[in-house]
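This report describes one protein chain for a reader who is new to structural analysis. Please keep the sequence and the model in view while reading.

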Amino acid sequence: NHETKRKYTRPPATTPTTMEDVYNLIQERNSYETIPFLPIQASNFFLSNLADALQTRCESLEKQYYLEQQQLLVEAHHIEEAAQDHGTNTNENDPSTASSSENTRLRVEVAQLHSGLKEKIKKELHSTAAMEARQALDSLQEEKLAQETTISSLKMELERSNEITTHLQTELENAKSFTRLSEKQF
């Protein structure tokens, strides 16, 4: 249970402290204080990158949705204008006259396309997010398993070291005992 820790040593009062000295002392302190937090920092970095990637993907899908929605609105407007123009330029006896049922059908079709696009984008967004979250979870589970394996091997190594220490202490005691016995015989 003996841990060696470096202590902060302040420069002598006569030595002027420069920013470089302060920086070097901070770097030295950080080098031994941050090692236990490296796995946490790595996982935080990974999750931050994942969140950024998901945010970028979400923004991209929102832009795509907006553009496609605008395109559908423009197409619907063109269809309505064409239907109105066609209706005002024809008479009742012209067989090419667009009926109101045709206009209704086209409007329903545009609305269905619009809602279908909306659902497609939602599904894609959810499936992408779920897949990336699953990959992140798998990665974290692998990292956890690796850390557990490392901990287990370190525990075994500690146990072996303790056994060796006990054995060496026993041998030392035996050697001391033989030394005393030899001294008594002489």
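A residue is called buried when its relative accessible area is under 20%, exposed when it is over 50%, and partly exposed in between (1.4 Å probe, protein chains only). Asp138 is partly exposed by this rule, because its relative accessible area is 29%.

The model is a predicted one, in which local features need pLDDT of at least 70 and side-chain atom pairs count only at pLDDT 80 or more, while totals for chains, interfaces and linings use all residues. Residues are numbered from 1 along each chain as its sequence is written, and side-chain values use heavy atoms, with hydrogens and water left out.

**Overall architecture**

The chain contains three helices and zero strands, in the order α-α-α from the N terminus. Helices (H or I, at least four residues) and strands (E, at least two) are DSSP runs, numbered from the N terminus. Helix 1 covers residues 19-33, helix 2 covers 38-88 and helix 3 covers 100-185.

Helix 3 has 86 residues, and the distance from its first C-alpha to its last is 126 Å. This is close to the 128 Å expected at 1.5 Å a residue, where the expected span is 1.5 Å times one less than the number of residues.

Of the 186 residues in the chain, 8% are buried. The chain exposes about 15,900 Å², of which carbon and sulfur atoms supply 57%; such areas come from the Shrake-Rupley method with a 1.4 Å probe, and for residues only the protein chains shown count as cover. A contact means heavy atoms within 4.5 Å. Among contacts with a separation of 6 or more, 73% are between residues 24 or more positions apart.

Which residues make up the largest nonpolar core? The five are Leu61, Tyr65, Leu72, Leu117 and Ile121. A nonpolar core is a set of buried Ala, Val, Leu, Ile, Met, Phe, Trp, Tyr and Cys residues joined through side-chain atoms within 4.5 Å. Helix 2 and helix 3 each supply at least two residues of this core, and helix 2 gives the most, with three. In soluble globular proteins, nonpolar side chains tend to be buried together.

Leu61 touches Ile121, Glu124 and Leu125, when residues up to four places away in sequence are not counted. The buried residues of helix 3 are Val110, Leu117, Ile121, Thr128, Glu132 and Ala136. One of these, Glu132, has its C-alpha atom 9.3 Å from that of Ala53, although the two residues are 79 apart along the chain. Ala53 lies in helix 2 and counts as partly exposed because its relative accessibility is 36%.

**Salt bridges**

The structure holds three salt bridges. A salt bridge is a side-chain nitrogen of Lys or Arg within 4 Å of a carboxyl oxygen of Asp or Glu.

| Salt bridge | N to O distance |
|---|---|
| Arg57 and Glu124 | 2.3 Å |
| Asp138 and Arg134 | 3.4 Å |
| Glu148 and Lys144 | 3.7 Å |

Arg57 and Glu124 form a salt bridge that links distant parts of the chain, with Arg57 in helix 2 and Glu124 in helix 3, 67 residues apart. Arg57 is partly exposed, at 28% relative accessibility, and Glu124 is partly exposed, at 29%.

Asp138 and Arg134 both lie in helix 3, four residues apart, about one turn of the helix. Arg134 is partly exposed, with a relative accessibility of 47%. Glu148 and Lys144 are likewise both in helix 3 and four residues apart, about one turn of the helix. Glu148 is partly exposed at 40%, whereas Lys144 is exposed at 51%. An α-helix has 3.6 residues a turn, so residues three or four places apart point the same way.

**A nonpolar surface patch**

Met19, Val22 and Ile26 make a nonpolar surface patch of about 280 Å². Patches are made of residues with over 30% relative accessible area and no salt bridge; like charges are joined within 9 Å, and nonpolar side chains (Val, Leu, Ile, Met, Phe, Trp, Tyr) within 5 Å. Ile26 is found in helix 1 and counts as partly exposed because its relative accessibility is 36%.
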